[in-house]
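This report concerns the sequence and structure displayed below.

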Amino acid sequence: MVSKKPKVVIIGAGMAGLTAANKLYTTAGCKDLLDLCVVEGGNRIGGRINTSEFGGDRIEMGATWIHGIAGSPVYKIAQDINSLQSEQPWECMDGLLETEAITVAEDGYVLDSSFVEPISNLFNELMNISQRKLVTENEIPKLSNVMSIGSFLRRGLDAYWDEHEHEHEFKGLDKRRKRISLEQGIFAMFESIQRTYTSANDLEMLDFNAEKEYCMFPGEEITIARGYLSVIESLASVLPPGLIQLGRKVTKIEWQPDESLEIENGNNKPPVKLHFADGSIMYADHVIVTVSLGVLKQGIREDCGMFNPPLASFKTEAITRLGFGVVNKVFLKLTPTPDGIKFPSLQMVFHNESEQNLKIPWWMRRTANLCPIYGNSNVLISWFVGKEALEVESLGDEEIIDGFSKTISSFLINSHSDDAESMFKVEKVLKSQWGNDPLFLGSYSYVAIDSSGDDLDAMAEPLPKKTSIHSNISPPPLQILFAGEATHRTHYSTTHGAYFSGIREADRLLQHYHCIEI
């Protein structure tokens, strides 16, 4: 009698899922040992990686950057498959958007770099302090009783004002207030940029102590000329046709935390039973769950019941405590301008509430940048986070165009002799909508207040947990494994973190079946 191959089902065809599938399938001897398949709820592979085109340019609706090239597995794959060069223009091909930016206040006043740089340097210094493993003695008072990144940053700004109170070139109380108001607006602009890195609606939601555990790769940050999707397609290219099944949304995962197994016709069924949206079922010995933290947060609710029986409390508590935010992009295609005038790379400083231009909609006011996606492109990009990102998802194209047009008019009123709103006319809009997409329900994770790196480790723990060697009860091992960016303690929120997690869970199964050394 031929023994049945253990069935491994990977839920999700994003970076983590396809990395795990690639590793399991390409490890010598493993593909003949395991019955492997990937089920994807959507109609495409890639997950939160989604390369597209807009206005003749290649753009990214999701993941965009390789965050440091030295040691990045994503960079190595992109390099190996020659995806770092392209004849077609692509998003951010010139590098970071801020490098050539001009900083403009809401009333159209262009701020001199000598005014902006001290606040920029202060913000960067404070973020560097928050990310250090060790701090110097003179930094310790700044860190006492700090709970969040947001409170630490604001404490640092207050200390800066106290230190420079007598150094301001402006004399008189009104002028000092004006300067402080502008500095506060500049500081808030950098906070808005930081929000896009973290996905947190407010930096007050970010745990201060966890920030130092986050790791960055050294080297430059770049985008992928042939699109981030080329990396995903490379990972999937080794898998045989039919191994990836699209349009297969899992609605429930039944598992066996104890020794009892479902028996049918006298034969033991594998311990995990997957239910799909189309009513079909599939049995598996091992399931690697790579869905987003947002989907897991919804899945553990009583009214959803994605897992039956519910996940262990240590797992649900980690899912609940960790943060998961929404980051969206809006792309705007401009009509050709007279005399080939190009839109500047804008860093926008918004006024406080008492000085606001009421024509600018509220959802624009925590957006830091409005820039061409590269030097001479007619396509602009702007980033939205949190409640503003969700609001943009709910707006129609005309509402978005109107809001941007009024913002452009306000910021460029002094920069162009003609009416900026009529000169830079938006003809088309494209936006991402990660927050309301039921397959994602957000963008990426962060360590929230009252959470910690321990919760990220808990996310990575397989179920059921190992029982004592003295116990007579032995449920089937490694029934549910977890991968994805929200399961990596030091590289959460990144594609390379997702990649590492996929390798980790593939290796866990390979070690279990003695395909590789422990």
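The account below moves from the whole chain to individual residues.

**Overall composition**

The model is predicted. The protein contains 15 helices and 23 strands. Of its 518 residues, 54% are buried. Among contacts between residues at least 6 apart in sequence, 77% link residues at least 24 apart.

**Salt bridges**

The count of salt bridges comes to 20.

| Pair | N to O distance |
|---|---|
| Glu106 and Arg365 | 2.8 Å |
| Arg504 and Glu505 | 2.5 Å |
| Glu505 and Arg508 | 2.8 Å |

The side chains of Glu106 and Arg365 form one of these salt bridges. Glu106 is in the loop between β6 (102-105) and α3 (113-131), and Arg365 is in the loop between β18 (346-349) and β19 (369-372), so the pair ties together parts 259 residues apart in sequence. Both Glu106 and Arg365 are buried.

Glu505 takes part in a salt bridge with Arg504 and in another with Arg508. With a relative accessibility of 0%, Glu505 counts as buried. Arg504 counts as partly exposed, because its relative accessibility is 23%. Glu505 and Arg508 both belong to helix α15 (residues 495-512), where they are three residues apart, about one turn of the helix. Because an α-helix has 3.6 residues a turn, residues three or four places apart point the same way. Arg508 is partly exposed, its relative accessible area being 24%. Elsewhere, salt bridges that share partners connect Glu213, Asp454, Asp457 and Arg489 in one network.

**A buried lysine without a salt bridge**

Lys315 is located in helix α10 (residues 313-321). Lys315 is buried but has no salt bridge, and the nearest side chain of opposite charge, that of Glu461, is 6.8 Å away. With neighbours within four places in sequence left aside, Lys315 contacts Ala458, Met459, Ala460, Glu461, Leu463 and Phe482.

**Helix α12**

The buried residues of α12 include Ile400, Ile401, Phe404, Ile408 and Phe411. Also among them are Gly403, Ser405, Thr407, Ser409 and Ser410.

Note on methods
Residues numbered from 1 in each chain as written. Predicted model: local features only at pLDDT ≥ 70, side-chain atom pairs only at ≥ 80, totals over all residues. Heavy atoms only, no water. Helix = DSSP H or I, 4+ residues; strand = E, 2+ residues; numbered from the N terminus. Buried < 20%, exposed > 50% of the residue type's maximum accessible area, 1.4 Å probe, protein only. Lys, Arg positive; Asp, Glu negative; His and termini not counted. Salt bridge = Lys/Arg side-chain N within 4 Å of Asp/Glu carboxyl O. Contact = heavy atoms within 4.5 Å.
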